[in-house]
Amino acid sequence: MITRRTFVAAAASSIAMPALAFEVDPVFRPQSVGIKKDLEPGQILILPRAHFLYYVTDFGQARRYGVGVGKAGLEFTGTAKIGAKKEWPTWRPTNEMIERDPHLYGKFSGTDYVQPGGPGNPLGARALYLFQNGRDTFFRIHGTTAPKSIGRSVSNGCIRMLNEHVEDLYDRVPIGAKVTVL
C-alpha cells in the first residue's frame, strides 16, 4: 500500500535527480587532424557519408567537426563559397520543404512568416550561407536545436553542427571561403 510518506519520498527523489544532458559521441567533437597536403588553408571540405566537416588550418592540417547531413536525395554536393554569415539567423523553410512535409511546416504555408533568430530557431546560433555563381543555394552550414542529429543523415539538405561548434567555425571562416561537399 502506498502511504503519504512513500509518495512524498518518491516525489522528492524524482525532483532531486538531475536531467541527463545529451553528449555527442567523442569522435564528433572538434579536434585537430591531419589531412591531404594539397588542400589550401581556409577552405572547408565536407564528407557527408563520414559525417565530418574539415576546416583546413594549414597545409596537411585541419580542424574536424562532426555534422548531421541531408537525407538521401536531399543532400548538397559540389563546390560553393561562403556568401554570407549570420549570427542568430532568421529562418523560413523552402517551398519544397513545406510541400514535402505540410504537417511540420504548415504554419508557413500561404504566409510570409519568418521565424526570428534565437535558441528555438532550427538554424541555431550561427549560419554560413552557401553560394554558387553569386547566387544563394539555400543550403547552409548551421547550428541545430537537435543535437542528436549529429552523425546522422536526417536534414533537408543543410549541414548541421552543434551550436558551440558552429560558433567556433563561424569565427574562423571568412566570407568567400571555398566549400567542397563530396
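This is a short tour of a predicted model, stop by stop, with something to select at each one.

Before you start, note that residues are numbered from 1 along each chain as its sequence is written. Local features here need pLDDT of at least 70 and side-chain atom pairs count only at pLDDT 80 or more, while totals for chains, interfaces and linings use all residues, and side-chain values use heavy atoms, with hydrogens and water left out.

**Stop 1: the core**

Select Ile44, Leu53, Ile141 and Leu169. These have the most contacts inside the largest nonpolar core, which has 22 residues. A nonpolar core here is a set of buried Ala, Val, Leu, Ile, Met, Phe, Trp, Tyr and Cys residues joined through side-chain atoms within 4.5 Å. Buried means under 20% relative accessible area, exposed over 50%, and partly exposed in between, using a 1.4 Å probe and protein chains only.

Now colour the elements that each supply at least two residues of this core: strands E2 (44-47), E3 (52-58), E6 (78-87), E7 (126-132) and E11 (178-181), plus helix H4 (163-172). The largest share, three residues, comes from H4. Helices (H or I, at least four residues) and strands (E, at least two) are DSSP runs, numbered from the N terminus.

Apart from this core lies another, of 12 residues; Leu45, Val56, Ala62 and Ile150 are among them.

**Stop 2**

Which residues does Ile44 contact, leaving aside neighbours within four places in sequence? Show Leu53, Tyr54, Tyr55, Ile141, Leu169, Val173, Lys178, Val179 and Thr180. Contact means heavy atoms within 4.5 Å.

Next, follow E2 to its partners; two strands pair if DSSP finds at least two bridges between them. E2 and E3 run antiparallel and are joined by four bridges, and Leu47 stands opposite Phe52 in E3. The hairpin of E2 and E3 has four residues between the strands, and His51 takes a positive phi near 65° there. With E11, E2 runs parallel, through three bridges; look for Leu45 and its bridge partner in E11, Thr180.

**Stop 3: Ser155**

Move to strand E9 (residues 153-155), where you will find Ser155. Is Ser155 buried or exposed? It counts as buried because its relative accessibility is 2%. Draw a distance from a polar atom of the Ser155 side chain to the backbone nitrogen of Gly157: it is 3.0 Å. Not counting residues up to four places away in sequence, Ser155 touches Val69, Gly70, Lys71, Leu74 and Arg160.

**Stop 4: the largest pocket**

Select Trp91, Arg92, Met97, Leu123 and Cys158. Of the 32 residues that line the largest pocket, these are the closest to its centre. A pocket is found on a 1 Å grid over the protein atoms alone, as an open set of points where a 1.4 Å probe fits, with protein on both sides within 12 Å along at least five of seven lines; lining residues have an atom within 4 Å of a point.

The volume is about 720 Å³, taken as the space filled by probe spheres set on the points, which are joined across faces, edges and corners. Helix H2 (95-100), helix H3 (102-105) and strand E8 (135-142) each supply at least two lining residues, and E8 gives the most, with five.

**Stop 5: two positive phi values**

Most residues other than glycine have a negative phi. Select Trp88, in the loop between E6 and H2: its phi is near 45°, and Trp88 is partly exposed at 38% relative accessible area. Finish at Asn133, in the loop between E7 and E8, where phi is near 50°. Asn133 counts as exposed, at 80% relative accessibility.

Key. A polar contact is a pair of N or O atoms within 3.5 Å; within protein, one must be able to donate a hydrogen and the other to accept it, and residues adjacent in sequence count only if both atoms are side-chain atoms.
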